[in-house]
Structures are given as C-alpha cells and as structure tokens.
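Please examine the sequence and the structure shown below. The paragraphs that follow lead through them step by step.

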Amino acid sequence: LKQIRELPLKNSPILLHKGDSFIQYGEKAKKIGILLDGLLIASYVSPTGDEWISRFFYPPENFIVSNHEGFYFGVESTECIRAYEDSNLILIEKEEFKDLLDNNRSFERTVRILAEESYIKAMARIHTFQSLNAEQRIRKFFHEYPELGKKLQRQYIASYLGIHRNILTRFLYKIWFATKVA
C-alpha cells in the first residue's frame with residue numbers, strides 16, 4: 001500500500017459515502033480502486049436470485065478494489081461493490097493501469113505479488129468452505145478477522161460464510177452465554 005501511494009497517479013483520492021457503489025451489477029469495469037481507509041463489500045447474485053457477500057475490502061489487508069473478471073476481460077460486472085462505511089479511494093483507470101504495468105517494473109512486481117497473495121487467500125477460502133462445518137467457519141472468521149466481526153452486521157458475516165443469519169446468531173449467543181456462565 002505504501003509503494004502504491006508513492007506512485008505518480010493521475011487521480012486524487014475520492015470519498016465514497018456509506019451505501020455508495022464503486023461498481024454496480026452489469027456495469028463495465030473500467031477502473032480499480034486503491035482503498036486508503038474504510039470498508040467496502042462485494043456481493044453477487046446466485047442463480048436462485050439470492051444475493052451473497054463474496055469479499056470485504058479493507059486496508060491494509062485487502063485494499064485493491066475491483067471486479068477483476070470485468071476489469072481484465074472487459075465484460076459487465078457480475079458483482080456489486082459498495083461502501084459499508086465512508087471510504088477513501090484512489091481510482092486507477094484501465095489505460096493508466098496498463099501503462100503502469102508496461103513502464104514501471106516495481107509496480108508490475110507489486111501487482112504480481114498481490115495477485116499471488118489473492119490467489120492463495122481464495123484457495124484457502126474454498127478449502128474452508130469444502131472442509132469446515134458452519135460452527136468451524138464462524139470460529140475461523142472471528143479468529144482471523146476480529147475487527148470485521150465487531151464492525152459488520154451479522155447478516156453480512158453470515159452471507160460471507162454461506163450460512164443463515166439465525167445460525168450465526170444462535171452460535172454467537174451460545175458463546176456469549178458460555179462466557180457469562182463460566
């Protein structure tokens with residue numbers, strides 16, 4: 001994040017207010033964002049019509065904001081990315097991004113490293129979904145992301161974990177009750 005902040009970028013930071021969209025469903029992805037502060041949520045609509053949370057964007061952990069498929073292939077976004085809270089971003093248009101990749105070895109290396117890290121995290125999330133039950137996924141989420149667990153509404157956490165909100169609520173109540181009795 002520090003290295004990207006030092007790049008001579010064309011755009012100044014912008015403010016997305018809570019609820020504002022970075023990209024809407026069906027919109028062409030022509031930009032990526034560098035999230036300086038705040039929290040954004042990505043969602044998609046399943047074939048059954050249900051909306052699911054797929055990712056959270058927050059610095060310094062996950063600060064590159066993009067519908068990667070749409071940005072890379074130039075197709076309409078299958079995701080909606082919106083601000084969960086007021087958030088500051090620097091926008092990089094697709095042509096500027098390509099130019100930076102072609103002419104700045106340091107930027108290209110940084111992008112490659114971030115892509116590799118993103119792939120590793122995606123594989124870990126797939127493995128979590130395939131191998132852990134709901135209670136284990138909940139425990140893992142709150143262990144790995146305690147700040148997000150405090151900040152996000154339960155429905156968003158439940159959606160991200162692929163469970164119903166009532167299951168999450170029951171489990172959290174069980175933990176809370178167990179700590180009060182102990």
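In helix H7, the residues Tyr156, Ile157, Ala158, Ser159, Tyr160 and Leu161 are buried, a term that stands for under 20% relative accessible area, with exposed meaning over 50% and partly exposed the range in between (1.4 Å probe, protein chains only). With six of its eight residues buried, H7 is mostly covered. Gly162 follows H7 and has a positive phi, near 75°. Most residues other than glycine have a negative phi.

The model is predicted: local features need pLDDT of at least 70 and side-chain atom pairs count only at pLDDT 80 or more, whereas totals for chains, interfaces and linings use all residues. Residues are numbered from 1 along each chain as its sequence is written, and side-chain values use heavy atoms, with hydrogens and water left out.

Which helix packs with H7, and at what angle? Helix H5 (residues 134-144) packs with H7 (residues 154-161) at an angle of about 120°, and their axes are 10 Å apart. Axes here are lines fitted to C-alpha atoms, for helices over the stretch in contact, and angles run from 0 to 180 degrees between N-to-C directions. H5 and H7 are therefore oblique to each other, since angles under 35 degrees count as roughly parallel, over 145 as roughly antiparallel, 65 to 115 as roughly perpendicular and the rest as oblique.

H5 also carries a charged pair. Glu135 forms a salt bridge with Arg139, their closest N and O atoms being 3.5 Å apart; the term requires a side-chain nitrogen of Lys or Arg within 4 Å of a carboxyl oxygen of Asp or Glu. Both residues lie in H5, four residues apart, about one turn of the helix. An α-helix has 3.6 residues a turn, so residues three or four places apart point the same way. Glu135 is partly exposed at a relative accessible area of 32%, and Arg139 is partly exposed at 45%. Together with Lys174, Glu135 and Arg139 are linked in a network of salt bridges.

Helix H4 (residues 105-131) contains another such pair, Arg112 and Glu116, also four residues apart. The closest N and O atoms of their salt bridge are 3.2 Å apart. Arg112 is partly exposed at 43% relative accessibility, and Glu116 is partly exposed at 40%. A further salt bridge joins Glu27 and Lys31, with the closest N and O atoms 3.9 Å apart. The whole structure has ten salt bridges.

Two local features remain. Tyr25, Tyr44 and Val45 make a nonpolar surface patch of about 250 Å²; patches are made of residues with over 30% relative accessible area and no salt bridge, like charges being joined within 9 Å and nonpolar side chains (Val, Leu, Ile, Met, Phe, Trp, Tyr) within 5 Å. The accessible areas come from the Shrake-Rupley method with a 1.4 Å probe, and for residues only the protein chains shown count as cover. Tyr44 lies in strand E4 (residues 40-45). Elsewhere, a cis peptide bond with omega of about -5° joins Pro59 and Pro60, and Pro60 is found in the loop between strand E5 (51-57) and strand E6 (64-65).

Finally, the chain as a whole may be considered. Its secondary structure comes to eight helices and eight strands. Of its 182 residues, 37% count as buried, and the C-alpha trace spans about 60 × 35 × 30 Å along its principal axes.

Technical notes: Helices (H or I, at least four residues) and strands (E, at least two) are DSSP runs, numbered from the N terminus.
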